Amino acid sequence: MLKPQGYRREFMIEAVLALAVPASFILSLLIGRYGIPVETLCKMLFSTVFPLEKTWPQTMETVFFQIRLPRITAAFFVGASLSVSGAIFQGIFKNPLVSPDILGVSYGAGFGAALAILLTNGGYYLQFSAIFFGMLAVFAAYMMARLFKGAPVLVLVLSGIIVGAFFQALLSSLKYIADPYDKLPSIIFWLMGSLSRVSAEDLSWTMPVFTAGMGVLYLCRWRINLLALGDDEARALGVNTSLERGAVIFVCTLLSCLAVCLAGTISWVGLVIPHIGRILVGSDYRRLLPTCISLGGIYLILIDNAARALTMNEIPLGILTSILGAPFFAALLMRRRAGWQG
């Protein structure tokens with residue numbers, strides 16, 4: 001049991017991270033090739049609530065409300081969703097190396113997006129196709145696991161690996177037949193991850209789903225603690241493990257699919273950030289989930305800032321997250337500071 005000073009420390013960490021979220025938003029709104037003064041930024045923000053006189057050019061307002069603000073908001077929700085999903089999957093599967101794509105979500109959604117790019121001009125077709133095939137991949141893994149006897153968690157993970165390999169093969173087939181001068185570059189660039197295509201219209205329907213999904217997981221975080229104990233212990237405490245695990249997996253999968261359909265395939269966020277969260281506040285999901293929401297959102301906002309500011313041509317997010325995530329995770333393993341307890 002934690003001592004009172006332990007609770008105070010964790011509360012202070014959560015408070016600092018909560019304050020860092022709006023700070024990262026404001027900093028990111030100022031970064032870009034089109035400069036926006038701090039005073040003008042504040043006026044534009046307040047103009048959404050108060051009837052202020054418009055003293056800034058229309059171009060600046062368009063950049064702010066139609067490009068920069070939707071992109072930063074999407075970065076926060078994508079990072080938070082991947083981090084929360086990774087933390088929950090690591091707990092209920094009792095494996096510190098699990099990430100949100102363990103059940104084939106990324107490859108299924110990637111195949112769906114590539115199929116939409118190949119057959120259409122993208123847009124809503126791309127987003128709904130990515131979500132549909134991402135959910136289909138997890139459903140296939142879940143149904144396959146029910147056909148086999150044995151440890152349900154282990155069988156589910158193995159089924160996810162099989163389904164992921166199948167969709168990876170289908171994705172490779174689409175890249176092989178795609179037009180190398182038109183469709184193939186679009187598919188490859190999308191798979192590397194980017195938020196450059198996000199618009200306010202995209203957020204109008206994804207933000208409510210993101211918010212609802214993370215809200216459900218936050219309200220059920222104490223039940224996730226029980227699932228993380230293991231099937232036998234959870235059943236002894238009256239938990240319907242099959243039903244509740246399936247519901248949690250469904251919500252996490254939906255969040256992961258939304259993240260993929262907005263930003264493409266972004267690796268390492270859902271693997272590394274939960275371990276940082278455990279270092280800061282421990283493995284109790286009542287503390288870990290809000291910490292992962294803040295950490296994941298801030299992390300991807302900063303990564304996106306680097307992607308659009310370091311060079312003239314935007315760097316794909318998947319490249320930066322891999323460059324930073326792989327050595328950082330290796331350092332965690334070597335120092336054995338991840339404090340893995342399930």
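Colleague: Why does Lys 94 count as partly exposed?

Modeller: This is a predicted model, so the value is computed from predicted atoms. Lys 94 has a relative accessibility of 43%. Buried means under 20% and exposed means over 50%. The 43% of Lys 94 falls in between, so Lys 94 is partly exposed.

Colleague: Where is Lys 94 found?

Modeller: Lys 94 is in the loop between helix H3 (58–92) and helix H4 (105–119). Its phi is positive, about 50°, although Lys 94 is not a glycine. Most residues other than glycine have a negative phi.

Colleague: Which loop holds Trp 268?

Modeller: The loop between helix H11 (241–263) and helix H12 (269–281). Trp 268 has a positive phi near 75°, and it is not a glycine either.

Colleague: What makes Trp 268 partly exposed?

Modeller: Its relative accessible area is 28%. That lies between the 20% and 50% cut-offs, so Trp 268 is partly exposed.

Colleague: How many aromatic pairs does the structure hold?

Modeller: Twelve. One of them joins Phe 64 and Phe 65.

Colleague: Why is the pair of Phe 64 and Phe 65 called edge-to-face?

Modeller: The ring centres are 4.7 Å apart, and a pair needs them within 6.5 Å. The planes stand at 90°, and edge-to-face needs over 60 degrees. Both conditions hold, so the pair is edge-to-face.

Colleague: What kind of pair do Phe 76 and Phe 77 form?

Modeller: Edge-to-face, with 5.6 Å centre to centre and 80° between the planes.

Colleague: Are Phe 76 and Phe 77 buried or exposed?

Modeller: Phe 76 has a relative accessible area of 12%. Phe 77 is at 11%. Buried means under 20%, so both residues are buried. Phe 64 is buried too, at 0%.

Colleague: Which residues of helix H2 (residues 38–47) are buried?

Modeller: Thr 40, Leu 41 and Met 44.

Colleague: How do you know that they are on the same side of H2?

Modeller: They cover an arc of only 105° around the axis, which puts them on the same side. An α-helix has 3.6 residues a turn, so residues three or four places apart point the same way.

Colleague: What makes up the nonpolar surface patch of about 480 Å²?

Modeller: Ile 188, Phe 189, Met 192, Ile 319, Ile 323 and Leu 324. Helix H7 (183–192) and helix H14 (317–335) each give two or more residues to the patch.

Colleague: Why is Ile 319 called partly exposed?

Modeller: Ile 319, in helix H14, has a relative accessibility of 36%. That is between 20% and 50%, so Ile 319 is partly exposed.

Conventions
Residues numbered from 1 in each chain as written. Predicted model: local features only at pLDDT ≥ 70, side-chain atom pairs only at ≥ 80, totals over all residues. Heavy atoms only, no water. Phe/Tyr/Trp six-rings, centres within 6.5 Å; stacked < 30°, edge-to-face > 60°. Buried < 20%, exposed > 50% of the residue type's maximum accessible area, 1.4 Å probe, protein only. Helix = DSSP H or I, 4+ residues; strand = E, 2+ residues; numbered from the N terminus. Arc of directions from axis to C-beta. Patch = residues over 30% accessible without salt bridge, like charges linked within 9 Å, V, L, I, M, F, W, Y side chains within 5 Å. Areas by Shrake-Rupley, 256 points an atom, 1.4 Å probe, with all protein chains shown as cover. Salt bridge = Lys/Arg side-chain N within 4 Å of Asp/Glu carboxyl O.
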